Amino acid sequence: MNRVKYFAAETWASLRKNIILAVAAIAVVAVSLGILGLVVMGWNMFTNMIKNAERKVGEVDLYLTDLTTTEELKAIEAFLASIPEVDAATIYFKSKDEALQEFKERFKDQPELWEYIDENPLPNSYELMTKDPKDVGVVVNRIKNDAPHPERIEDIKSASSAIEKLENIFDKFRQIGIVAVVALAVIAILLVSVTIQVAIFARRREIGIMKLVGATNWFIRWPFVIEGVFEGTVGSLVAILVVLSVKVWILDRLVESLQFLRLSFSAGLLAVLVPCILLGGVVIGALGSAYALGRFLEV
Amino acid sequence: MIRMRRVTKIYKGNVYALEDVTLDIEKGEFVFLVGPSGSGKTTFIKLLIKEEEPTSGQIYIADTNINQLRKWKVPYLRRKIGCVFQDFKLLPHKTVFQNVAYAMEVTGKSRRLIEQQVPEVLKLVGLGHKLDAFPDELSGGEQQRVAIARAFINRPPILLADEPTGNVDPSLGEGIVRLLEKINSTGTTVIVATHDKNIVDAFRKRVIALENGRIIRDQDRGVYGYE
């Protein structure tokens, strides 16, 4: 207990002595972890949007008239499987009934849309994925030109190219985000280590005397480690605050007002993200002080 | 208590600080280590507290070969050796009490023990009335007494003093050594490195004289002997 009090007092005194540097270090930790949080949330929102989209990137749906016979279905299915760009394992026959079930499920909050239907208006369909999303156009053309029984094919739909482009943009966004987070984290570690170096320098007399009277190495190191971890932790708390406010005040409203985009957050995202940010702050602080101690404190 | 066997210390650039030093200092002895500046006195002390490593030779303290001492054990070696320096090495923003208490705090002693022992030892060195003074309010002699109190507070079996009278008014130097003698009388082995002729001659203790890193004389009840 005595020791805890001693370390806390030492750390506090040292932080106050070089408050400007400490604040700068805390700010950079907060910015790097804040950006990490925002990138993760943005990424999550976007992946969910893609996942919830009517058609996935690379998906082609083939709607059939109700007049199609079983033989014709087999012929069409065999043809689809023979297209080289199609991933044959993904070819899936969706019956009218299944389509209606799905429709009811999706609009279960708006029963007026389906309550009064007595005959199923939805068609049988084939769903398939291309091996490479960029071949969607090729596949659609092949089906249009070469499919058997073209009179039975009512419509062919594929994921909009807009989503594909969006995915590319978000991929870039994620890459830039990761690079920025890593770069900022490195800067944060260096800045924490600078504050610790300054603290070590400011206390070099005490350190010399501590060594002289036989203080153990860890007794000398602890206050500096605590100082670094404290800075990292405070920075991560600020980042968490920022991330939570951005979510509540901006992103949640975005999700609500842009419902047609089907944006959403995965359940439990924050339960993972918040502890990760906190851990990130502790790690940044610990690495910063470890670096400073390794280089500037010979015990 | 201290044994050195053929200890040599060569600094960078082939500077011989100590050369082939062999000696024994028994428990409870009082020894003056004398010699002009650059004769190797300070290196001698640095080797004992393992601030420097000998280039060759063996050093034993209380039958422990400190050459082989692991790094993490060095602090425990230093707890056995109190050190006093010419420049006192006191912390200017701490009071006399706090300076002495510091040596107990950093070795994890309890508050109760500190409150009890620090005033006792300060009384022993004659500063029982100046617990709350700051170092810059004290004379050189008084500051050195604080430093001695700090070196002695954890009752080390060995006390090393490197030019303890160097920054003290000449008329007060004798009092400092008198105090070290008092500490010696409690059973502590005391080694005083000095080039203060008057003091060495006044106390007539064992004198080990160094010149250019070699022992040139080791004499009981000796005198300074240099001109």
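Student: Which exposed residues does the face of helix 5 of chain A turned away from its buried side carry?

Tutor: This is a predicted model. On that face of helix 5 of chain A lie the exposed residues A:Asn141, A:Lys144, A:Asn145 and A:Asp146.

Student: What are the buried residues of helix 5 of chain A?

Tutor: Helix 5 of chain A spans residues 136-146, and its buried residues are A:Val136, A:Val139 and A:Ile143. Viewed down the helix axis, these fall within an arc of 70°, so they line one face of helix 5 of chain A. Their cover includes strand 1 (59-64), strand 2 (86-94), strand 3 (124-130) and strand 4 (153-158) of chain A.

Student: How is chain A divided into domains?

Tutor: Domain 1 comprises 2-52 + 164-296, and domain 2 comprises 59-158. Taken over C-alpha atoms, the centres of these two domains of chain A are separated by 49 Å.

Student: What is B:Leu33 in contact with, leaving aside its neighbours within four places in sequence?

Tutor: The contacts of B:Leu33 are then B:Lys41, B:Phe44, B:Ile191, B:Val192, B:Ala193, B:Ile208 and B:Leu210.

Student: Is strand 7 of chain B enclosed or open?

Tutor: Five of the five residues of strand 7 (residues 158-162) of chain B are buried, so this strand is largely enclosed by the rest of the structure. B:Ile158, B:Leu160 and B:Asp162 point one way, whereas B:Leu159 and B:Ala161 point the other.

Student: Which strands pair with strand 7 of chain B?

Tutor: Strand 6 (residues 81-85) of chain B pairs with strand 7 of chain B in the parallel sense over five bridges, and B:Cys83 stands opposite B:Leu160. Strand 8 (residues 189-194) of chain B also runs parallel to strand 7 of chain B, joined by five bridges; there B:Val192 is the bridge partner of B:Ala161.

Student: How many residues of chain A are in contact with chain B?

Tutor: In chain A, 15 residues are in contact with 17 residues of chain B. Helix 7 of chain A gives the most to the side of chain A that touches chain B, with six residues. That side of chain A divides into seven nonpolar, five polar and three charged residues.

How values were computed:
Residues numbered from 1 in each chain as written. Chains lettered and ligands numbered in written order. Predicted model: local features only at pLDDT ≥ 70, side-chain atom pairs only at ≥ 80, totals over all residues. Buried ≥ 20, exposed ≤ 12 C-beta atoms within 10 Å, placed from the backbone. Helix = DSSP H or I, 4+ residues; strand = E, 2+ residues; numbered from the N terminus. Arc of directions from axis to C-beta. Contact = placed C-beta atoms within 7 Å. Domains from an automatic or database assignment. Nonpolar A, V, L, I, M, F, W, Y, C, P; charged D, E, K, R; others polar. Pairing = 2+ DSSP bridges.
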